[in-house]
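Biologist: I'm new to this one. Can you put it up and walk me through some of the pairings and contacts?

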Amino acid sequence: MKGVTVAVVGAGGRVGATFAYALMISGLASRIILVDVEQARTEGEAMDLSHGLPFVRPAEVRAGNYEDCADADIILVTAGAASRPGQTRLDLVARNIAIYREIIPAITRRNEKGILLIVSNPVDILTHAAWELSGWPVARVLGSGTVLDSARFRTLLGVHCHLDSRNVHAYVLGEHGDSEVPIWSRAQVGGLNLLEQCPTCGPAGCSPEVRETISRQTSTAAYEIIQRKGATFYAVGLAARAIVESILRDQDSVLTVSTLAVGDDRFPPVFFSVPAVVNRSGVSRLLPLATNEEERAALARSATILHDLARDVGLIEPPRVPWKASLASTPAA
Ligand code: NAD
């Protein structure tokens, strides 16, 4: 049986195990391989998950190693240290790059055709590092980016407007982190632009106070959750499952994944989130950035922060090429 294989590196941890659970329930994969340095805990997760198999679609769920990643269609990486209370995502960078220097070559030595989906933080820098360490084209190395932040933004707007969050079209772009940019200028519900008309605020659109509150709640959500329960893992598990679904079902979904963004002369080429079309080839194309001037300037600031950090930790400068060509870029190019 060929079927679809998804490997999860870091599966002994909270995000990896939660993603595996969401993936198993979705029925998208025939084989889910759990890899982690913590062998015993990973075996425990595999046993616990697999005992639920009679209640979902048939699949094999087991603990494995890098040899088992050889045929994986997608390798999701959540391995690394998690944020501690008071610690920013960028504080984690040196520690997690060192971990990536071990695990990405261990995967790509055995697998030439898969798609790497990076979730560990800081996700933009680690997606850049994974692209560099893998030697794979940009299209096949993507990060979960602001897919989670966009979901938080949509959830908060749905609550504010008393509407189903699935009917809210709104994006957070840029860094998955402190400099992220909620794109209010294009936030819509039922075709209404929320800056022009809001079902709750009225015909003048969302007030500056409402915008400030929702933007702040979106960008500080992870800190608030970590302060209360020590980690975030359910929503990110579902966000990663949604990205995997778009890949495996060749959906052409527009998702704000972290990828090589080279679309604007005013910011340096960096890995961060822009609206991207995700399908069986990974990132298949990027959509033009639809923002106002203020948002564009905020994105340029976000890009500069990440660009400087990538340089400071010794990552190579990605090429400045047209968007279409950027997806074929490899570190050697
Ligand atoms: P965790 O500590 O529970 O799990 C991390 C796992 O990585 C552990 O099981 C650990 O054994 C494993 N690991 C460490 N070094 C390894 C190595 N060399 N090889 C294989 N496995 C290794 O942490 P968590 O709460 O699951 O978070 C995981 C990562 O996801 C963190 O970096 C966190 O910041 C990030 N995260 C990202 C998002 C997002 O939206 N991108 C959201 C939440 C958390």
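Modeller: Start with a strand pair: E7 and strand E10 (residues 188-189) are paired in the antiparallel sense, over two bridges. Keep in mind that this is a predicted model.

Biologist: Which residue stands opposite Gln188 in E10?

Modeller: That is His169.

Biologist: What sheet do E7 and E10 belong to?

Modeller: An open sheet of three strands, in the order E7-E10-E11, with antiparallel pairing. Strand E7 (168-169) and strand E11 (192-193) are at the edges. Each of them has a single partner strand, so one side of each has no neighbour in the sheet.

Biologist: What holds paired strands together in general?

Modeller: Backbone hydrogen bonds, in either a parallel or an antiparallel arrangement.

Biologist: Switching to E4. Which strands run parallel to it?

Modeller: Strand E1 (residues 5-9) pairs with E4 in the parallel sense over four bridges. Strand E5 (residues 115-118) also runs parallel to E4, joined to it by four bridges.

Biologist: Which residues face each other there?

Modeller: Val6 stands opposite Ile74 in E4. On the E5 side, Val77 has Ile118 as its bridge partner.

Biologist: And the faces of E4, covered or open?

Modeller: Both are covered. Ile74 and Leu76 are buried on one side, and Ile75 and Val77 are buried on the other.

Biologist: New topic, charges. How many salt bridges does the structure hold?

Modeller: The structure holds 13 salt bridges. One of them joins the side chains of Asp73 and Arg280, at 2.9 Å from N to O. This pair links distant parts of the chain, 207 residues apart. Asp73 is in the loop between strand E3 (60-63) and strand E4 (74-77), while Arg280 is in the loop between strand E15 (276-279) and strand E16 (282-286).

Biologist: Is Asp73 buried or exposed?

Modeller: Asp73 counts as buried, because its relative accessibility is 14% and the cut-off for buried is under 20%. Arg280, at 33%, counts as partly exposed.

Biologist: Which salt bridges sit within a helix?

Modeller: Among them is Glu212 with Arg216, at 3.8 Å from N to O. Both lie in helix H6 (residues 208-219), four residues apart, about one turn of the helix. Glu212 is partly exposed at 45% relative accessible area, and Arg216 is partly exposed at 40%.

Biologist: Which residues are linked in a network of salt bridges?

Modeller: Arg31, Glu60, Arg62 and Asp68.

Biologist: Last one, helix packing. How do H4 and H9 cross?

Modeller: The axes of helix H4 (residues 123-134) and helix H9 (residues 293-312) come within 10 Å and cross at roughly 50 degrees. The two helices are therefore oblique to each other, and the crossing is right-handed.

Biologist: Which residues make that contact?

Modeller: From H4, Asp124, Ile125 and His128; from H9, Leu306, Leu309 and Ala310.

Notes
Residues are numbered from 1 along each chain as its sequence is written. This is a predicted model: local features need pLDDT of at least 70, side-chain atom pairs count only at pLDDT 80 or more; totals for chains, interfaces and linings use all residues. Side-chain values use heavy atoms; hydrogens and water are left out. A salt bridge is a side-chain nitrogen of Lys or Arg within 4 Å of a carboxyl oxygen of Asp or Glu. Buried means under 20% relative accessible area, exposed over 50%, partly exposed in between (1.4 Å probe, protein chains only). Two strands pair if DSSP finds at least two bridges between them. Axes are lines fitted to C-alpha atoms, for helices over the stretch in contact, and angles run from 0 to 180 degrees between N-to-C directions. Angles under 35 degrees count as roughly parallel, over 145 as roughly antiparallel, 65 to 115 as roughly perpendicular and the rest as oblique. A crossing is left-handed if the near helix is turned anticlockwise from the far one by less than a right angle, and right-handed if clockwise. Contact means heavy atoms within 4.5 Å.
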